[in-house]
Amino acid sequence: MHVNDASDRSSSRSSAEGDAIGRFERLYADAERGGAEVPWDLAAPHSLLAEWTGRSRPDGSGRRAVVVGCGFGRDAEHLAGLGFTTLAFDVSPTVVRAARRRHAGSPVRYEVADLFTPPAPWVGGFDLVLESMNVQALPVGLRARATAAVGRLVAPGGTLLVIAAGRRPGEAVDGPPWPLTRAEVESFGAAGLTPALVEEITAPDGGLRWRAEFHRA
Ligand SMILES: C[S@@+](CC[C@H](N)C(=O)[O-])C[C@H]1O[C@@H](n2cnc3c(N)ncnc32)[C@H](O)[C@@H]1O
């Protein structure tokens, strides 16, 4: 299976805890000046998302989707194309501006927001929540809070789709990113979310990927 994500190792690494947000804003600002490349700035939606929507054929009409840590908007545009009323947010103002410019005229609403302090109406507000390659990019000390914050966005009857780089138990990591173990992926299923499917996928580079689906009753 072709997996079109990219490692999120940036050359200008600045991964101290508490600086997770600034690390991304600096990278996007550098890239805008031509001084850096953003490894996940790819034209196509993530292949594991495209494959999942191709398989499950979700009908987005009348349904709300949110894309967490949307970056340049590749996955948000894909969901909007399936008919979802789509909100996409990122903590970096620079990338949100870039996404709006890049997708001028798009029905996607791009917002600057912090996953850890979302506007109150967003909590329990979405029929489909996409978390792709973000939690792994945050320092491990923030992981439990980030996982819980993602889950809180899912509406009753809604679905959470998680796409993440993986690691096997005991495998050393030297992030960023800090790939997730199976247990860490399954922990999205706390707080009222039931795991429907946890898929372990081997990427062409031999790395592990997770694609996991959770539902809220
Ligand atoms: C590795 S990138 C992945 C971007 C996108 N999901 C993709 O796959 O193309 C992680 C993204 O999460 C965003 N991010 C980091 N912390 C965040 C937070 N607390 N709230 C919202 N977005 C955040 C970063 O700015 C960055 O765009």
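**Entry 1: ground rules.** I am working with a predicted model, in which local features need pLDDT of at least 70, side-chain atom pairs count only at pLDDT 80 or more, and totals for chains, interfaces and linings use all residues. Residues are numbered from 1 along each chain as its sequence is written, and side-chain values use heavy atoms, with hydrogens and water left out. For the elements, I take helices (H or I, at least four residues) and strands (E, at least two) as DSSP runs, numbered from the N terminus.

**Entry 2: the loop between β5 and α6.** I checked the peptide bonds here. The bond from P176 to P177 is cis, with omega near -5°. A cis bond also joins G175 and P176, where omega is about 5°. P176 has its place in the loop between β5 and α6, and L180 lies in that loop too.

**Entry 3: the ligand.** I found 18 residues around the ligand, of which Y28, G69, D90, D114 and L115 come nearest; a residue counts as near if one of its heavy atoms lies within 4 Å. This shell divides into ten nonpolar, four polar and four charged residues. In this division Ala, Val, Leu, Ile, Met, Phe, Trp, Tyr, Cys and Pro count as nonpolar, Asp, Glu, Lys and Arg as charged, and the others, Gly among them, as polar. Helix α1 (20-32) and strand β2 (85-90) each supply at least two residues of the shell.

I next listed N and O pairs. A nitrogen atom of the ligand is 2.8 Å from a backbone N or O atom of L115. For a backbone N or O atom of S132, the distance to a nitrogen atom of the ligand is 2.9 Å. In the side chain of R74, an N or O atom is 3.1 Å from an oxygen atom of the ligand. The protein covers 97% of the 590 Å² of accessible area that the ligand has on its own (Shrake-Rupley method, 1.4 Å probe).

**Entry 4: the core.** Which residues have the most contacts inside the largest nonpolar core? They are L79 and Y110, in a core of 31 residues. I use the term for a set of buried Ala, Val, Leu, Ile, Met, Phe, Trp, Tyr and Cys residues joined through side-chain atoms within 4.5 Å. Among the elements that give two or more residues to this core are α1, α2 (47-56), β1 (64-68) and α4 (93-102). The largest share, four residues, comes from α4.

**Entry 5: single residues.** I looked up R211, which lies in strand β7 (residues 208-216). R211 counts as buried because its relative accessibility is 2%. Its side chain makes a polar contact with the side chain of E51 at 2.7 Å.

R57, in the loop between α2 and β1, has phi near 45°, a positive value in a residue other than glycine. R57 counts as exposed, at 67% relative accessibility. M133 is not a glycine either, yet has a positive phi of about 65°. M133 counts as buried, at 14% relative accessibility.

Notes: Polar contact = N/O pair within 3.5 Å; in protein donor to acceptor, adjacent residues only side chain to side chain. Buried < 20%, exposed > 50% of the residue type's maximum accessible area, 1.4 Å probe, protein only.
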